[in-house]
Structure formats: C-alpha cells, structure tokens
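Reader: I am new to this structure. Please take me through one part of it closely, in short sentences.

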Amino acid sequence: MPDFLRPAGLAFVDIETTGTTASHDSITEIAIIEVDEDGVREWSSLVRPDSRIPDYIERMTGISNHMVADAPTFAELAETVFDRLHERVFVAHNARFDHGFIRAAFRRLGVDFRPKVLCTVRLSRRLYPQERRHNLDALIARHGLEVEARHRALGDAQALWQFWQRVHRQFGAAHLEPMLRELLGRPALPPHLGFDAIDAIPDAPGVYLFYGENDLPLYIGKSKHLRTRVLAHFGADHRNSREMTLSQQVRRIDWIVTAGEIGALLKEAELIKSLLPTMNRKLRRSRELCSWELQPQADGGWRPELVHASDLDFGRQEHLYGLFRTRRAAIEALRKIAAEQQLCPPLLGLEKPAGGGRCFTHQLHRCKGACAGEESQRLHGARLMLALHDLRLEHWPYPGPVGIREGDAMHVVDSWCYLGTASSEVELHALLEAGRPSFELDAYRILVKAMRGAKVVDLRDLAAASRASA
C-alpha cells in the first residue's frame, strides 16, 4: 500500500440493490473489507430493503425476498457501516454506484457521508489502456481472480481486494502513487470517461453531446460554460435517475463551441431534431404543429379555425394564437379558455349547435348566451380575442431576412425560421441562397426572446444579390 494511504487505510466495498436509482431503490446486501496496518478484516450483511426485490434482480444475485425478510435494515446497520468506513478510502468498482447508494442511505438518516472515493474501473483504465473492457467480469477473467460468489457483495469485494494486490505486485507503489493521488484528488467521473476527456472541453458557450457505445447520441445539452455544465451532470447522478443512467452509459463526449448563448440554444434545438438523442424529450420536432387562426364572421364575430404550420407561412401570418404540438393539445387549450371566460362552445366550433338555439353549456349557466341572442356576436368575438391575447404569435416585423450579431458570428433568421450561423460573408451568402426551412416551435421561442435585446442587421440587399447570382 502506498505510504500516503496507510494512516487511514482502505475499505473495499460492494453492495447489491433492488435497482439502479439511489433515490428510490434500496440496498439488499453490503460487504466491506477493511485493509490497514493491523491487517485485513471482512464483514458483510444482508439488508432488509424498503421494497420488494424484482424477479430479475433475484435471479441475478441469488438474494430472495425470503432471505432479507428478517435481515436488519440499513438504519440498524448504519453505525457499524459508518465505523468501518470512517476516514478510510472508499474503494469500489464503478464507485459512483456503490458510493451513491450508501451516501443516499446515510442522508435519509441525517448523516452527511463524504469519504474519499477510488474507482477501480478508472484505475484499470489508467493501468491497462490497451484493454477495451474494464467491468468486473473482465477483470476477473484477465487477472485470474478467484471469486466464489459473483454478484454477491462479499464475493465481489474480495475480487477487488485481489485486483488491488495484483496491480501492486505488477506495477509497484512508486508507479501507482502519483496515479492514485490524481484519481483521489479530482472530482469523480463516470467509470468509462477519463479526465483527459473533460479537460479537453472548453469552458465556453456551446453544445455538448453524450455518446454511448455507438454513434447515436444519448443526450444533447447546451451551456454558456460547457465544461462546468458537463461536470454538473455527473455531480447529480446520486439523486436523479436520469443522470445516474446517463453516467452509467456515457462513453464519449463531443462538443461544438458557439459564439454565445443564442447560438448554443439554436444549435441544441437543431441537433436534437436531426439526431433524436434517446434521453432528450423536449425540443423534439413536432409534425402536427398547429395554431388557432381567428376568421372574421359576417355578423361581426370571430370564429377560431385550427391551422397547421405546414399549410401556412406562420412567420408572416396574422391573427394566429398559440403554438401547439398536437391537435388534441390545441382543442384542450381552447376548451379551457371557453370554460374560464364563459364562451359558447358551438360558436367556437368545439361542439355541434344544439336544437332551439341555446347550447347545453348555456343551460348550465356557463355560457353568457351568444348562442341564444343574449350576448351579441361582436361582444362574444371581442371577449374571445381578449382571452387569446396572451397566446398571440409575434408577427415577423421585417420585410425580409435579418442577421443577429453575437460575437464574431451572425445568426441568419427569416420569418422566425433559423437558417443557420455564418462566420464569413461566403457562409452568409450560402445560407441566404439555401432558402428558408420550415417553421419550428422551439426556434421561434428562442428567437422571439433573443431579438428583443439583440443587434439586428437587415440582410435584404445580400439576399437579393444571392438570388441574382444563383
């Protein structure tokens, strides 16, 4: 053991659990092997979880619900566990998982558990960079480790202790000490990422892409400070199931630097729609994008008609209210407005007209009677327009395409549609020649907000020159 680890010693830890999320799954077994100047001591215990053990976990570990029925709870074991781990270096394979569960269990008891953590996956990757796999099964096979009970806490902890001894015999303390100091002195990362992957990311505005074992991104995000934001993902994985899953799966990180926050927002929305990362739910392309258009009536009223973005020039169309990803969402929104403002559902096209003039809603005293002549169509239309006011789409205020300056780049926009970002006059002409893409809800929302305080450049002359040369 390197000298700087001797005062506190080591604790080789493994746990079995009911699932993968520390915030709501439970520990079912825990094992600790203490190693210090006084020797080696093994301890393990089954733990009664807060919920049933799923069948597939039972088959994998061999730990059944019957076995843990009379076991102590973590609360009953907490003092023993804390004493065995206190001030020791917490050594585990894929340590974020084991440490995350134990820390969460202590936190529920009001104990803030913050040991120094060493991940043997990361240690193996540093020592054997030529190897592709570093999971526990790979280490057992590669180093000939003897394991009596795989997927049981004590058996797996014993495998880690054997691995530790093997690498010390192979490399020696002098070679290992600087590496261990570095691994212990830096923030914990997912097991399949090296510090060089994080160090290469600039702390600048842009978009980052997390990849798993193939070329399809798991997740795409944006930030004004890329490296800081990426590290924040891995600091939250103990409490958030999505972050924990992401931490377990990520193998590679790519990034794109942008001129600023506007560019990062636009690029994120664009990439999510084109690459469809599995863990992004927002900013997905909506093929049913629709809005309510108010149509004037001969009697002076207004009637809403549902129109789709694919059929209209949304950026230049007037009297459009709301942007909805589906027809169902649009109708539900209008029904809610009708109920709140006591508008007549048949006059809004939400129900068929009732016989005798009065609608059913009026009979329930929830309509002010435009259907029965008790309210004028003009007043009903005015109340409808007032109720929809906050949903009104911004009308494109320019006669043609414009540019939004951000740093040394220019974002090209036409009728609330994002054409792209140019860093040179050649790129600018190319974007204008390419024409306008389809209207996108997320780009619209980003641009409406961004253009309120941005420096906008009229590009009509450049666009005309591009068309003339095409």
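Which helix does Ala-78 lie in?

Author: Ala-78 lies in helix H3, residues 74-85. Helices are DSSP runs of H or I with at least four residues, strands are runs of E with at least two, and both are numbered from the N terminus. The model is predicted: local features need pLDDT of at least 70, side-chain atom pairs count only at pLDDT 80 or more, and totals for chains, interfaces and linings use all residues. Residues are numbered from 1 along each chain as its sequence is written, and side-chain values use heavy atoms, with hydrogens and water left out.

Ala-78 is buried, at a relative accessible area of 10%. Buried means under 20%, exposed over 50%, and partly exposed in between, with a 1.4 Å probe and protein chains only. What does Ala-78 touch? Leaving aside residues up to four places away in sequence, its contacts are Phe-106 and Leu-109. Contact means heavy atoms within 4.5 Å. Arg-358 is 280 residues from Ala-78 in sequence. In space the two are 70 Å apart, C-alpha to C-alpha.

Now to helix H8, residues 173-185. Its 13 residues should span 18 Å at 1.5 Å a residue. The expected span is 1.5 Å times one less than the number of residues. The end C-alpha atoms of H8 are 17 Å apart, which agrees. Buried in H8 are Leu-176, Met-179, Leu-180, Leu-183 and Leu-184. An α-helix has 3.6 residues a turn, so residues three or four places apart point the same way. The cover over the buried residues of H8 includes strands S4 (89-92) and S5 (117-119). Helices H5 (120-127), H7 and H9 (195-199) are also among the covering elements.
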